Amino acid sequence: MAKDVTFQNRGVRIAAHLHLPNDFKEGQKYPALVGVHPAGGVKEQTIGLYAQQLAAHGFVVLVYDSSYQGASGGEPHLLEDPTTRVEDARCAADFLTTQSFIDTERMGLFGVCAGGGYALAVAQTERRFKAIAGVSATPMGEAARRFFGHPIPPADQIKSLEAAAAQRTAEANGAAPIYIPFVPERLEDIDDKTPTMLREGYEYYRTPRGQHPNSKGRFLMTTPASDCWQRGGHKIYSDEAYALSKGPKELFIVEGATHIALYDKPEYVGQAVEKLASFFGQL
């Protein structure tokens, strides 16, 4: 059972779904989770699937379209702003604390892909979330600096920054914005050299498998997270997060699953949900 709700992030209206347990009772207190969607995604896609299944385990789960994306407000639209993404999750926590049926001492945070990376960033300073988890977690900053774990030369990073700066100047003087696709936009854009993650990303975001009209699959060239999707989505980031965490912690491997398979394939999502439910059940 899901309800349409809204909350605010610094004046921007955030469109959200509040998933409730099947046996929800108004006078009862429930543990609550906030789910953060991938870069380019919306609440109706993979994060909504996880929310629905976690609600069946007795959690209230809030998922939303990030500021500037999907059905949420904010201009320019399709901006992928890491700082704002972190604040979105804080504002989601604000919203949950206003609901009488939420046990505010039992709130957790999880995310898929970039959403998992943002969850890690939120947890560094947001103490209302008592536990966090990531699924195919990808930190956008690290993804922009390293290609599947291999450092990108500083000179190349500077070129990207200079290109973004030049585009900002052009737009300030009347030029049209430029958008960069997160995944290939056409089947003919895929060849033998296309990485598995981008090939599967096309299948998820550009075909009936997972596409949604509010998920445009592209972002502004001038976004602070520019060119991150193509450089993310590898288990190396989970390994590093695990190594850096002071614990208690656990690294759970879903054997046979690829980055995108964990978005929607029942045989893999089911395993991930069971682990998440067990983990957050300790709240």
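Is Arg-10 buried or exposed? Select it first: Arg-10 is exposed, with a relative accessible area of 68%, where exposed means over 50%, buried under 20% and partly exposed in between, computed with a 1.4 Å probe on protein chains only. Before going further, note that this is a predicted model, in which local features need pLDDT of at least 70 and side-chain atom pairs count only at pLDDT 80 or more, while totals for chains, interfaces and linings use all residues. Residues are numbered from 1 along each chain as its sequence is written, and side-chain values use heavy atoms, with hydrogens and water left out.

Arg-10 sits in the loop between strand E1 (2-9) and strand E2 (12-19), the elements being DSSP runs numbered from the N terminus, with helices (H or I) of at least four residues and strands (E) of at least two. Its phi is near 50°, a positive value in a residue other than glycine. Select Cys-113 next, in the loop between E5 and H3, where phi is near 55°, again positive in a residue other than glycine. Cys-113, however, is buried, with a relative accessible area of 2%. Then go to the loop between strand E4 (60-64) and H2, where Pro-76 is found; the peptide bond that leads from Glu-75 to Pro-76 is cis, with omega near 0°.

**Thr-6 on strand E1**

Return to strand E1 and select Thr-6, which counts as partly exposed at 38% relative accessibility. Leaving aside neighbours within four places in sequence, Thr-6 is in contact with Arg-13, Ile-14, Ala-15 and Phe-95, contact meaning heavy atoms within 4.5 Å.

Select residues 114-123 to bring up helix H3, which is mostly covered, with seven of its ten residues buried. Those buried are Ala-114, Gly-115, Gly-116, Gly-117, Tyr-118, Ala-119 and Val-122, and they pack against E3, helix H2 (82-97), E5, E6 and helix H4 (140-145). Helix H6 (residues 196-205) also has seven of its ten residues buried, so it is largely enclosed by the rest of the structure.

**Helix H9**

Now select residues 266-280, helix H9, whose 15 residues should span 21 Å at 1.5 Å a residue, in agreement with the 20 Å between its end C-alpha atoms; the expected span is 1.5 Å times one less than the number of residues. Colour Tyr-268, Val-269, Ala-272, Val-273, Leu-276, Ala-277 and Phe-280, which are buried. They cover an arc of only 160° around the axis, which puts them on the same side of H9, the arc being that of the directions from the helix axis to the C-beta atoms. These buried residues pack against strand E3 (30-36), helix H1 (46-55), strand E5 (102-112), strand E6 (131-135) and helix H8 (261-264).

**The largest cavity**

Finish by selecting Gly-40, Gln-69, Leu-78, Phe-182 and Arg-218, which lie nearest the centre of the largest cavity among its 15 lining residues. On a 1 Å grid over the protein atoms alone, a cavity is a set of points where a 1.4 Å probe fits but cannot get out, and lining residues have an atom within 4 Å of a point.

Notes
1 Å grid on protein atoms, 1.4 Å probe; cavity = no way out; pocket = protein on both sides within 12 Å on 5 of 7 lines; lining within 4 Å.
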